[in-house]
Amino acid sequence: MLAALSGSVSLSASWCSNYSKAKASDEKTRVEMPFDEQPGMVLESPSVPYVQVNVAELDASTLLAETPLPKGAAQFSSLHIVAGASAVARETAESLQRSVQNLGKAVTMYCWPSLDKQ
């Protein structure tokens with residue numbers, strides 16, 4: 001019985017090593033596809049300008065002048081304003097909304113709900 005077991009162990013060991021060798025040779029013959037390539041850098045040295053504006057002086061013309069346009073766009077067609085839950089944030093957003101309307105641009109305002117502390 002021991003001889004029979006040792007024979008089956010060597011048989012399975014040789015089968016595993018043969019399988020591993022076949023797999024290694026498959027890797028050598030594998031054709032590299034464009035999907036397998038690592039992408040390079042799209043921009044060599046990307047940077048994003050940061051502009052700090054006093055909230056009391058914030059108006060649509062300043063905001064539009066300081067915000068980079070999307071590639072290929074000549075101007076923004078509309079503005080979307082998101083206001084925080086506080087009364088001050090809502091007043092600031094409403095002031096900005098009026099400023100956008102005075103420029104003749106479409107504007108949409110969203111307000112965050114106040115969150116209760118739990």
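**A walk through the predicted chain**

With three residues, α2 gives the most to the lining of the largest pocket. This pocket has a volume of about 190 Å³. Of its 13 lining residues, the closest to its centre are Val 51, Val 53, Leu 63, Glu 66 and Thr 67. A pocket here is an open set of points on a 1 Å grid over the protein atoms alone, where a 1.4 Å probe fits, with protein on both sides within 12 Å along at least five of seven lines; lining residues have an atom within 4 Å of a point.

The model is predicted, so local features need pLDDT of at least 70 and side-chain atom pairs count only at pLDDT 80 or more, while totals for chains, interfaces and linings use all residues. Residues are numbered from 1 along each chain as its sequence is written, and side-chain values use heavy atoms, with hydrogens and water left out.

The protein chain holds three helices and two strands, which follow the order α-α-β-α-β from the N terminus. Helices (H or I, at least four residues) and strands (E, at least two) are DSSP runs. Of the 118 residues in the chain, 9% are buried, meaning under 20% relative accessible area, against over 50% for exposed and in between for partly exposed (1.4 Å probe, protein chains only). Among contacts between residues at least 6 apart in sequence, 56% join residues at least 24 apart; a contact means heavy atoms within 4.5 Å.

The loop between α2 (60-66) and β1 (78-83) contains Gln 75. This residue counts as exposed because its relative accessibility is 57%. Leaving aside residues up to four places away in sequence, Gln 75 touches Leu 69 and Lys 105. The side chains of Gln 75 and Lys 105 are joined by a polar contact of 3.3 Å, that is, a pair of N or O atoms within 3.5 Å, one able to donate a hydrogen and the other to accept it. Ala 65 is ten residues from Gln 75 in sequence, and their C-alpha atoms are 9.9 Å apart.

Helix α3 (residues 87-102) contains both Arg 90 and Glu 94, four residues apart, about one turn of the helix. These two form a salt bridge, with their closest N and O atoms 3.2 Å apart. The structure holds one salt bridge, defined as a side-chain nitrogen of Lys or Arg within 4 Å of a carboxyl oxygen of Asp or Glu. Side chains of opposite charge can pair when their charged atoms come close. Glu 94 is partly exposed, because its relative accessible area is 27%; Arg 90 is also partly exposed, at 38%.

Terms used. Grid points are joined across faces, edges and corners, and a volume is the space filled by probe spheres set on the points.
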